[in-house]
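Trainee: I am new to this structure, and I would like to learn how to read it. Could you show me where to begin?

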Amino acid sequence: METMFFWLGATGGFGILVLLAVTSVAVVVFFDRDPRGEPLWPRLTAPALAATLLAGIVVLAVWHYDTLLGVPPGAIAAWALPATYAVVAVIGAGWGLYLKARRPGIYQTIGLGAHAVTGQLAPPRREPR
């Protein structure tokens, strides 16, 4: 139980690092499409720098995952646990492509949160009587 708790805690921390790196890339892509009048530093430079540094940390974590887990080099857990993130990402991308091709109505509601039921960003306006 102690080993499992430690391994899954380290893997969860690794997942947060991956999410931070991907989010930094998403910020760059978002502001590249719509700058919204933001200056260059918060729009592009800082997120790109963060993405680069976080990607480096993710690479170092993968290279030294055996040390993070406290297992001998080449242990199955040292490559299987971080690989689960790649497997889940591929499955998620495949599911997104399936929805886009076969169920475009559902695909268009992705990201709408509570408004996904209606498929609109805001509730419809009612005309006064």
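Mentor: Let us begin with helix α4, residues 76-102: its 27 residues reach 37 Å from the first C-alpha to the last, close to the 39 Å expected at 1.5 Å a residue. The expected span is 1.5 Å times one less than the number of residues. Helices here are DSSP runs (H or I, at least four residues), numbered from the N terminus. Please keep in mind that this is a predicted model, where local features need pLDDT of at least 70 and side-chain atom pairs count only at pLDDT 80 or more, while totals for chains, interfaces and linings use all residues. Residues are numbered from 1 along each chain as its sequence is written, and side-chain values use heavy atoms, with hydrogens and water left out.

Trainee: Which residues of α4 are buried?

Mentor: Buried means under 20% relative accessible area, exposed over 50%, and partly exposed in between (1.4 Å probe, protein chains only). In α4 the buried residues are A77, A78, L81, P82, G96 and L99. They pack against α1, α3 and α5 (104-108). As for A77, apart from its neighbours within four places in sequence, this residue is in contact (heavy atoms within 4.5 Å) with W7, Y65, L69 and P82.

Trainee: Which residues make up the largest nonpolar core?

Mentor: In soluble globular proteins, nonpolar side chains tend to be buried together. A nonpolar core is a set of buried Ala, Val, Leu, Ile, Met, Phe, Trp, Tyr and Cys residues joined through side-chain atoms within 4.5 Å. The largest one here has nine residues: F14, V58, A61, Y65, L69, V71, A77, A78 and L81. At least two residues of this core come from each of α2 (40-63), α3 and α4. The largest share, three residues, is supplied by α4.

Trainee: How many aromatic pairs does a search of the whole structure find?

Mentor: A pair of aromatic rings is described by the distance of the centres and the angle of the planes. Rings of Phe, Tyr and Trp (its six-membered ring) pair if their centres lie within 6.5 Å; planes under 30 degrees apart count as stacked, over 60 as edge-to-face and the rest as tilted. The search finds four pairs. One of them is F14 with Y65, edge-to-face at 5.5 Å centre to centre and 80° between the planes. This pair links distant parts of the chain, with F14 in helix α1 (residues 2-33) and Y65 in helix α3 (residues 65-69), 51 residues apart. Both F14 and Y65 are buried. Together with Y85 they form one aromatic cluster.

Trainee: What is T11 in contact with, leaving aside its neighbours within four places in sequence?

Mentor: T11 touches Y65, L81 and Y85. This residue of helix α1 is buried, with a relative accessible area of 7%.

Trainee: Which side chains meet in a salt bridge?

Mentor: Side chains of opposite charge can pair when their charged atoms come close. A salt bridge is a side-chain nitrogen of Lys or Arg within 4 Å of a carboxyl oxygen of Asp or Glu. The structure holds one, between D34 and R36 at 3.2 Å, N to O. D34 is partly exposed at 35% relative accessibility, and R36 is exposed at 54%.
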